[in-house]
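Colleague: Could you take me through this structure feature by feature, giving the general idea and then the case at hand?

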Amino acid sequence: MAITYTSGEQVEVYRFSIPATVLIPLAAVFLQAFLPLRFPFFLIFDLPLLVTIGFATARRNPLAGLLTGGLIGIMQDALTHQPIGLYGISKTVVGFGASSLGIKLDVENAGARFLITIFFFVVHEVVYFMIARGLVGMHMAWSWPHELLSGVANAVLGVLVFMLLDRVKQRT
Amino acid sequence: MESVLGRYRNLIVLVGVLFAQVLGLAIQVKRTTPSEPTRLIRIWAVGAVAPLEKALVWTQSSTSNIWHNYFYLRGVRAENRALKAQIERMSLERVRISQDADQARRLQALLGFKEQFISLTLAAQVIGGSGSELSRSVFIDKGSRDGVKPDMAVITADGIVGKVLHVYHATSEVLLINDQSSGVGAILDQTRLQGILNGTPAGELVLGRVMSDETVPAGEMVLTSGGDGIFPKGLPIGKVSKVTPGSDLFLNIHVRPAADLSRLEEVLVVTKIDERQAEPAQTGAARAIDILAARLPGVPSKPENTEKAASAATATAPGSVGAKTPAATGAPKTTHAATPDADAQSKPKATPHDNGNGAPAARSVPNPESPAGDSSGPPSAKKATASSLSPKPVKATVDPKPQPDSPDTPH
């Protein structure tokens, strides 16, 4: 596992084709809504979040990262009965953070991706928790063991998702 | 200034995007009212995802149907036999239950009670969920074009599921009862304690507002109380799994839902709930007349009426249970009434007063000379016929002492 600091000139920036940019997030949101009905344990995963992190770290553009995260989050919000914006704000922050970190760190190896996913999963949950309780007034309980366990599960899945994303990303 | 904007461009955009979303969120929270129209973004999102989900569910169910209906038929014959036996058992039980229901209806009529009952349901398939642990809702494949409206109850054969929250053209979103924003009026079956059933963030069901000095045993059934105006009274919700002391003076009664909320596939949307008062015609007074009419010797009528009555009896129930009237066969009357055969054959003769259990036909036919047997007779006679289809007189007509002077009783 190697998380190395890189200069702006060293990092490689990737782009995604328009079909991949549109279809992959849509597929992630769709699977997130559909799979838990058949496999309830899948609720522990957040596939749209993994796609957000994957896109952001590959593009390494904070603007693109935050916009991608925001749109995916809003799409996810629209399928819930909660006010639209809870996931949108959380994923905007994650998209911005992941792409900013992608500029600084080499996140091409599996170990780095594993740790980054755990970190941003927790960030995502913290932001969501704060907004849901502070702004919307939802009753929520915070459980560190649950969040960390979910973070690890998502990180494992994230490594696989990032490997799939590697296949469709194009070098600029 | 330009250099500052350029240097912090990303951060400024981030703050701008976040601010816009927070603003949008705040507006939504303030405007959350039942009459608010659905947002366009929700319609777009649901419109984009629902067809994919429908297609996938359709493919899955078609494949499953082909496999189970045409190939995998192992054990079907044995299952068929067992089901037939079960039907026979249940037919017998239904007769007993219908008599109990009849008695309850009479009592309700006496007390002027109004009863609610589900008169129309719509079967729907679950095609998707919210995908979030904090939003427990599902999407069904029926929408406004099918007559679904907000706040309709959604149930399964096992128990209640939730209520319709948002309705789109071809889909609807159903808020499950274990969502934290859900609330259902509930009553405990045995102790008759009432409370409000809420979901928790963890997706559990907790019955609150029950005083802590009450005793609630684990395993007790929890039913809908009807107080919420959405679910009719008496539908199963679940069973008490655990009782813990709650805040203030109330208990926290944990309820295990009767319906498996995590694996929903087909549900029923209650599209119509009727309210009716038990009719006086179903009371004991009307039946007393029937009983008397059945027990007293028939009044001799005109020959043409007799013929008409006889032909009507033959025409309406060819080979029916009437042919096996207790008097004719010498068997006890109630035994025939309870058989599944009698049930099936008597159904076409059901009247508004008939509860459809089929038992009555066994005693509706026998006396061609009696006015009750004449379908073309005066209204009072017709009423007597209709009333005689109710199950109660069965017991009344079982008379161990045959009446020697009765013209319709062969000896």
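Modeller: Helices (H or I, at least four residues) and strands (E, at least two) are DSSP runs, numbered from the N terminus. This is a predicted model, in which local features need pLDDT of at least 70, side-chain atom pairs count only at pLDDT 80 or more, and totals for chains, interfaces and linings use all residues. Residues are numbered from 1 along each chain as its sequence is written, while chains are lettered from A and ligands numbered from 1 in the order in which they are written.

Colleague: Where is A:Arg60 found, and what is its phi?

Modeller: Most residues other than glycine have a negative phi. A:Arg60, which lies in the loop between H2 and H3 of chain A, has a positive phi of about 60° although it is not a glycine. A residue is buried if 20 or more other C-beta atoms, placed from the backbone, lie within 10 Å of its own, exposed if 12 or fewer, and partly exposed in between; A:Arg60 has 22 such atoms within 10 Å and is therefore buried.

Colleague: Which loop holds B:Asp151, and how many C-beta neighbours does B:Asp151 have inside 10 Å?

Modeller: B:Asp151 sits in the loop between strand S2 (137-140) and strand S3 (153-155) of chain B, and this residue, too, is not a glycine but has a positive phi, of about 70°. Because B:Asp151 has 13 C-beta neighbours inside 10 Å, it counts as partly exposed.

Colleague: At what angle do helix H2 and helix H3 of chain A pack?

Modeller: Axes are lines fitted to C-alpha atoms, for helices over the stretch in contact, and angles run from 0 to 180 degrees between N-to-C directions. Angles under 35 degrees count as roughly parallel, over 145 as roughly antiparallel, 65 to 115 as roughly perpendicular and the rest as oblique. Helix H2 (residues 47-59) and helix H3 (residues 62-78) of chain A pack at about 165°, their axes 9 Å apart, and are therefore roughly antiparallel to each other. Contact requires C-beta atoms, placed from the backbone, within 7 Å; the residues making it include A:Phe55 of H2(A) and A:Ile72 of H3(A).

Colleague: How many residues does the contact between the chains take from each?

Modeller: The contact takes 38 residues from chain B and 34 residues from chain A. On the side of chain B that touches chain A, H2(B) gives the most, with twelve residues.

Colleague: And what does the secondary structure of chain B come to?

Modeller: Chain B has twelve helices and twelve strands, and buried residues make up 35% of its 411 residues.

Notes
Contact = placed C-beta atoms within 7 Å.
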